[in-house]
Amino acid sequence: MRALVVDHSEAGPVRFADVDEPVPSAGETLVEIRHIGLNFGELNYVDQWPAGAVHGHDAAGVVVRAASDGSGPPEGTRVAVGMARHAWAERVAVSPASLGTVPEGVDLADAAALGIAGVTPFRVLRKRSLLARNVLITGASGGVGHFAVQLAALAGARVTALVGSPERAAGLRELGADKVLTDLAETGDRFDLVLDTVGGPLVAQAWSSLAEGGTIHLVGYSSGQETTFPSGTLFGFGEPRSIATYGDMTPTSGELTDLLGLMAAGRLWAPVGLRGDWQDVDDAVQALFARKVHGKAVLDVA
């Protein structure tokens, strides 16, 4: 079968290759993949994976063989694959713990946009009450950012979305952002929670805008830049402020089910900013790297 595998050459980060068919264990489901969801991180930091390995974590498709131990969904079920391994292939053997059943009325391509981009902010934002709290979402025009804005607004937060340029602000107010900024200096607000996808100098800026007892939750570092805190910045009086890291790779089935339920109810929108054929994966990767995709890139598996 065909798959997208890790390529460490200059032609990379991925290339097509013929690979062996997956052989599911007793506790794995065989899924025929219909769509894959690309993430900036897994493509930009491809050196963290071995060359030639089937790449990708997020996809959606149809169960063609149920797990032989009786766990997981039956044959014919439409499923989202989230934070799994080796997902960018025509077929994948995957644990039911990484699957969410896609309800009627939810497009499989939209389900493929969940995974990392949907589960990450969902896990962070539900850790504390957000009702009437000030929440800042950095990199709000990306896949994680689009979901984060919606989920924070659903939780009752006053949401500020920070983007890199006015062109990338489109649609964020409609998703629930109360304010959309291109520079944090544009506001004097203090934030109870910052969900940061950018990293670099922006983290130090956000720290200066953090309310007492507030937290900056780091979920990405798309800028690739270092963060330097001026002398004395990390000292302060009042209720302690904190910076939290993120690396939760535990099974995603529960969160996928909740997110898909919100989609089915019309309360959550999948931010697919680029849709195409996986044959054109190189163009999609370059568009992601050039910051030309607002939201997620989802490719159809022909």
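**Close-up 1. Helices H3 and H7 are roughly perpendicular to each other in this predicted model.** Helix H3, which spans residues 115–125, packs against helix H7, residues 253–264, at an angle of about 95°, and their axes are 10 Å apart. Because an angle of 65 to 115 degrees counts as roughly perpendicular, the pair falls under that description. On the H3 side the contact is made by Gly115, Gly118, Val119, Phe122 and Arg123, which meet Glu255, Leu256, Asp258 and Leu259 of H7.

**Close-up 2. Strand E4 pairs with strand E3 and with strand E5.** Seven bridges join E4 to E3 (residues 29–38), and the two strands run antiparallel; among the paired residues, Leu30 has Arg65 in E4 as its bridge partner. Four bridges join E4 to E5 (residues 78–81), again in an antiparallel arrangement, and here Gly61 stands opposite Val79 of E5. Six of the eight residues of E4 (residues 58–65) are buried, so the strand is largely enclosed by the rest of the structure.

**Close-up 3. His35 of strand E3 makes a side-chain polar contact with Asp300.** The relative accessibility of His35 is 10%, and the residue therefore counts as buried, the cut-off being under 20%. The polar contact between the side chains of His35 and Asp300 has a distance of 2.8 Å. Leaving aside residues up to four places away in sequence, His35 touches Ala59, Ala60, Leu108, Ala109, Ala112, Arg275, Val298, Leu299, Asp300 and Val301.

Note on methods. Residues numbered from 1 in each chain as written. Predicted model: local features only at pLDDT ≥ 70, side-chain atom pairs only at ≥ 80, totals over all residues. Heavy atoms only, no water. Buried < 20%, exposed > 50% of the residue type's maximum accessible area, 1.4 Å probe, protein only. Pairing = 2+ DSSP bridges. Axes fitted to C-alpha atoms, helices over the stretch in contact; angles between N-to-C directions. Parallel < 35°, antiparallel > 145°, perpendicular 65-115°, else oblique. Contact = heavy atoms within 4.5 Å. Polar contact = N/O pair within 3.5 Å; in protein donor to acceptor, adjacent residues only side chain to side chain.
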